[in-house]
Amino acid sequence: MAVKAILLDLDGTLLASDKTISPANYAALKRAAAMGVYIVPATGRFYDAMPKAVRDLPFVRYVVTVNGAQIYDTREKRVLHEEELEPEEALQILSYFQTLPAICDCYVDGWGYMGRADYERIEEFASVPYVVRMLKDLRTPVDDLAAFIRGRKVQKVMCFFNDMERRALELERVSARFPNMAVSSSIINNIEVNAQKATKGGALRNLCAVLGIDPAETMAFGDGSNDLDMICTAGIGVAMGNAYPGLKEAADFVTLDCDADGVAYAVEQFVLA
């Protein structure tokens, strides 16, 4: 069955370690788009947090953001579908996160917000300069995060750890504590909670309904746990060579890593051959 849409996680997948799109990946996707294949970034980030190089891709119209909480049409500049946490749900999650040795933030209306005290501690929880800069540039500090989100729908609530053993333990606890939420992780030291239906796999199905194609006619790439259901939903699920073991086990194909043009390699195998 021919591939009609390719969904791509960004960090650790389409983007190399230096957060650029390699010439080989660009060329392969451009060729696929010229064949009529939809090229769809699918990220845990909100739209404005995506690198400019991704937002400027001339062959991209549809974008899945915030782990599937929103599908956005960049041409018509409108939201096609969204799945958000109700205010009380977000407050319950945040209340638990604030008991942990972690810093917390959330996404509301396509932007990040963080309590001012946590904002001032970002360097303690994000030792990589790129992540420090991203968190500082893409978060607005507020005096009281709980008070800020009260009465507002929330796209995602997150926390970041500097103790990886505690983070691993809490990932299990959070999943058990909030069984009706979508709990995942996009980077090694965080936990992310979305509305139950806000997953990349759910967004894949919703986008297919909009486009009038079968999910079996899609190909999806990822490397993290927030990509798992997307990989399992797509007709061809591709795990990056740098993906976590569980994703590789679930995938139909394991490609090269993000610094070795893994996206181009698989697209050439399954779409351009």
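In which sense do S13 and S14 pair, and over how many bridges? S13 and S14 pair in the parallel sense, over two bridges. Strands pair if DSSP finds at least two bridges between them. Helices (H or I, at least four residues) and strands (E, at least two) are DSSP runs, numbered from the N terminus.

This is a predicted model: local features need pLDDT of at least 70, side-chain atom pairs count only at pLDDT 80 or more, and totals for chains, interfaces and linings use all residues. Residues are numbered from 1 along each chain as its sequence is written, and side-chain values use heavy atoms, with hydrogens and water left out.

**The sheet**
- Five strands form an open sheet in the order S2-S1-S12-S13-S14, with parallel pairing.
- Strand S2 (38-41) and strand S14 (253-254) are the edge strands, each pairing on one side only.
- Helix H12 (residues 262-272) packs on the sheet and touches S1, S12, S13 and S14. Contact means heavy atoms within 4.5 Å.
- The direction of H12 makes about 160° with that of S12. Axes are lines fitted to C-alpha atoms, for helices over the stretch in contact, and angles run from 0 to 180 degrees between N-to-C directions.
- Ala239 has Val254 as its bridge partner in S14.

**Strand S12**
- Five of the five residues of S12 (residues 218-222) are buried, so the strand is largely enclosed by the rest of the structure. Buried means under 20% relative accessible area, exposed over 50%, partly exposed in between (1.4 Å probe, protein chains only).
- In a regular strand the side chains alternate between the two faces of the sheet.
- Both faces of S12 are covered: Thr218, Ala220 and Gly222 are buried on one side, Met219 and Phe221 on the other.
- Strand S1 (residues 5-8) runs parallel to S12, joined by four bridges. Ile6 stands opposite Met219.
- Strand S13 (residues 236-239) also runs parallel to S12, through four bridges. Gly222 has Ala239 as its bridge partner there.

**Helix H8**
- The 14 residues of H8 (residues 164-177) should span 20 Å at 1.5 Å a residue; the end C-alpha atoms are 19 Å apart, which agrees. The expected span is 1.5 Å times one less than the number of residues.
- Arg167, Glu170 and Val174 are buried in H8.
- An α-helix has 3.6 residues a turn, so residues three or four places apart point the same way.
- The buried residues of H8 pack against helix H3 (87-97), strand S9 (156-161), strand S10 (181-184) and strand S11 (190-195).
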